[in-house]
Amino acid sequence: MQPFERSDPAHDPTLRDPCPLRRLGHPLAFSAEEEDRIERLLSRYPTREAAILPMLWMIQDRHGWIPEEAVSLVAERCGVPPSHAYGVVSFYTMFRREPGGRHQLQICTNLSCQLMGAEHLLDCLRRRLGIGPGETAADGLFTLNEVECLAACEMAPVVQVDDEFHGPLDDRGLGELLDGLRARAAKEGRI
Amino acid sequence: MAAEVKLLSRNFGSPESWTLSSYERAGGYRTAVKALRMDPAAVTEEVKQSGLRGRGGAGFPTGMKWGFVPKDSNSPKYLCVNADESEPGTFKDRYLLELDPHQLIEGIVITSWAVGIHRAYIYVRGEFGLPYHRLQAAVDEAYAKGYLGPRSFGTAFDLDVTIHRGAGAYICGEETGLIESLEGKPGRPRIKPPFPAVVGVFGGPTVVNNVETLSAVPWIIENGAAAYRSYGTEKSPGTKLFSVSGPVARPGVYEVPLGLPLKTLVYDLCGGIRGGKAMKANIPGGSSVPVLTREEAEGADLDYESLAAAGTMLGSGGMIVIDEETCMVRALSTLMKFYAHESCGQCTPCREGTGWLRGLVARLEAGGGSPADMDKILSITNRMIGTTICVLSDAAAMPAASFVTKFRGEFERHVGAGRCPFRSDPLLAGAARRQDHA
Ligand SMILES: Cc1cc2nc3c(=O)[nH]c(=O)nc-3n(C[C@H](O)[C@H](O)[C@H](O)COP(=O)(O)O)c2cc1C
Ligand code: SF4
Ligand code: FES
């Protein structure tokens with residue numbers, strides 16, 4: 001089902017990265033618990049369409065990103081054309097259209113953080129991770145992104161790790177933070 | 001400290017202040033019970049009398065806004081709580097959500113009763129983790145107690161509250177962008193009129209209010225408009241939460257009576273600039289308002305009228321303090337990158353204008369600009385103000401025009417030197433040093 005125009009494969013991450021679920025041979029579907037949640041969700045809004053964002057969040061919370069076929073699934077449930085659902089996914093910066101690292105690191109470089117040394121902190125991050133914004137570290141642990149003000153400016157400069165704010169951070173604090181995350185992953189046998 | 005007046009933030013220091021039991025120990029939810037026994041029109045009237053103005057940025061009188069909603073409407077009415085807090089420099093709603101979510105819920109109950117609303121949505125910015133979880137837990141507690149849901153507080157009044165997560169788009173803080181987003185669309189603002197009070201979300205009359213605005217409602221109904229007016233100034237009554245960031249000794253959220261001298265907030269409450277440095281500039285109301293020079297800032301008072309007289313705005317109360325080590329061209333470049341990124345692209349002056357400004361300022365910052373650039377920036381900003389669907393365009397143009405006008409010397413030095421004069425004592429090094437002081 002591809003009613004929307006496909007863009008150049010070289011620039012469209014959803015075409016470059018086939019859905020790993022599909023690769024595993026699992027058709028993407030909602031779990032029974034998710035089906036329950038969807039029913040409750042739909043009862044909260046006068047239109048089905050309004051449930052698009054919460055459903056996309058459900059998918060991203062479970063998979064860490066939003067595979068292309070999930071978009072069609074959501075569209076179907078919400079009674080809108082897939083092109084519309086795709087337009088929603090691509091409008092919002094937090095919906096990820098390709099898989100990333102285990103932890104999302106977001107460094108704020110807006111003004112209050114810049115005043116407190118965000119550029120320097122970004123350099124430290126680059127050095128410690130060996131990657132730049134938009135990239136995922138080779139060990140698959142971290143994806144780094146540069147973001148706008150996180151409404152945590154009193155902690156500037158701030159790095160958000162998944163959904164937690166950390167700051168103010170200097171190079172040493174950053175090292176401790178990353179070491180902590182690596183140690184946890186090692187203990188859980190992830191690397 | 002003496003200058004602070006904690007009406008909305010009075011519970012911030014209590015243990016587990018975000019829980020229902022803590023809130024009720026402090027007398028919470030009694031005002032909702034009181035309000036539900038009042039005539040709804042009397043509740044609205046009290047809020048009108050209090051002079052409460054919207055704390056989301058535009059400062060529109062809250063009681064008047066509620067009054068615009070038609071009494072008889074065939075379609076259901078809605079309340080949208082704006083918890084999208086994305087204006088750079090602003091973080092006070094996060095404190096209200098994290099530390100006193102029940103106060104907000106009580107404000108929602110009272111407001112919904114006053115306007116005749118049975119469905120409220122809280123639109124929370126997607127990046128918020130802890131604030132979201134605390135708010136969700138509070139809503140669940142309020143449902144379990146029968147404060148929300150059918151027959152709220154055992155009365156005949158039904159009220160459903162749903163938390164809706166955004167997903168990272170500044171424009172969804174604009175009230176009609178928020179409405180579009182809540183409906184399951186990209187958050188592109190709507191042409192007004194019709195105003196949301198008449199046709200808002202799902203085609204129904206809709207009140208959109210900021211978290212801080214609604215959090216002020218319980219105190220006002222409990223203590224009365226006159227008591228609220230005993231704080232602040234004649235035209236800007238009450239208190240306001242300011243979130244102060246940048247290189248001050250004690251950045252954070254401060255609740256102060258409106259009309260407080262800006263100097264008191266920066267030098268007394270926040271402890272002045274770190275490392276004994278001087279303040280160079282001050283953005284008092286979030287990144288979208290015109291910047292003040294040190295002299296202007298030190299002469300200003302923190303209320304709607306005084307800041308307007310100083311040529312800027314109270315906005316969201318997100319104050320960014322800028323010290324003497326900062327390159328103003330670099331600072332503006334950062335802001336212009338933000339607005340160009342966040343423009344939704346519907347209006348040509350905004351889409352193209354924010355892009356041009358970003359490009360021109362970035363080139364100046366890199367030392368590649370020409371002497372004509374400053375006037376070009378001013379002429380572009382002129383055409384961006386008042387010409388678009390929403391005011392994001394103005395929000396980008398106003399800082400740009402004020403930076404270039406008030407700090408023109410710094411822009412000219414970049415052109416003259418062909419590089420950033422601050423880079424010899426690089427901002428990077430300065431900022432790194434500042435971190436070491438901390
Ligand atoms: C680009 C833009 C972004 C905005 N962002 C927010 C925001 O994050 N939070 C907020 O409360 N108001 C924001 N506003 C203001 C809202 O449009 C609206 O005025 C406000 O929610 C009304 O509530 P109030 O009257 O209680 O202040 C924004 C406005 C614009 C133009
Ligand atoms: S002014 Fe900018 S952000 Fe607002 S509607 Fe127009 S293009 Fe979109
Ligand atoms: S500027 Fe970085 S969190 Fe606000």
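Modeller: In this predicted model, a polar side-chain atom of B:Asn210 lies 2.7 Å from an oxygen atom of ligand 1. That is a polar contact, meaning a pair of N or O atoms within 3.5 Å; within protein, one must be able to donate a hydrogen and the other to accept it, and residues adjacent in sequence count only if both atoms are side-chain atoms. Backbone N or O atoms also approach the ligand: one of B:Glu175 is 3.0 Å from an oxygen atom, and one of B:Gly173 is 3.3 Å from a nitrogen atom. Taken alone, ligand 1 exposes 610 Å², and the protein buries 91% of that (Shrake-Rupley areas, 1.4 Å probe; for residues, only the protein chains shown count as cover).

A word on conventions. Residues are numbered from 1 along each chain as its sequence is written, with chains lettered from A and ligands numbered from 1 in the order in which they are written. Because the model is predicted, local features need pLDDT of at least 70 and side-chain atom pairs count only at pLDDT 80 or more, while totals for chains, interfaces and linings use all residues; side-chain values use heavy atoms, with hydrogens and water left out.

Around ligand 1 there are 19 residues, of which B:Gly56, B:Lys65, B:Asn209, B:Asn210 and B:Thr213 come nearest (a residue is near if one of its heavy atoms lies within 4 Å). Strand β4 of chain B, residues 206-210, gives the largest share of this shell, three residues. Strands are DSSP runs of E, at least two residues, and helices runs of H or I, at least four, numbered from the N terminus.

Next, the loop between β8 and β9 (292-293) of chain B, where B:Ser287 lies. B:Ser287 is buried, with a relative accessible area of 0% (buried is under 20%, exposed over 50%, partly exposed in between, with a 1.4 Å probe and protein chains only). Its side chain makes a 2.7 Å polar contact with that of B:Tyr339. Leaving out residues up to four places away in sequence, B:Ser287 also touches B:Glu87, B:Pro88, B:Ile320, B:Leu335 and B:Pro399, contact being heavy atoms within 4.5 Å.

B:Pro399 belongs to the buried residues of helix α17(B). Of the 15 residues in this helix, 12 are buried, so it is largely enclosed by the rest of the structure. Those buried residues pack against β8 (279-283), α14, α15 (348-365), α16 (373-384) and α18 (408-417) of chain B.
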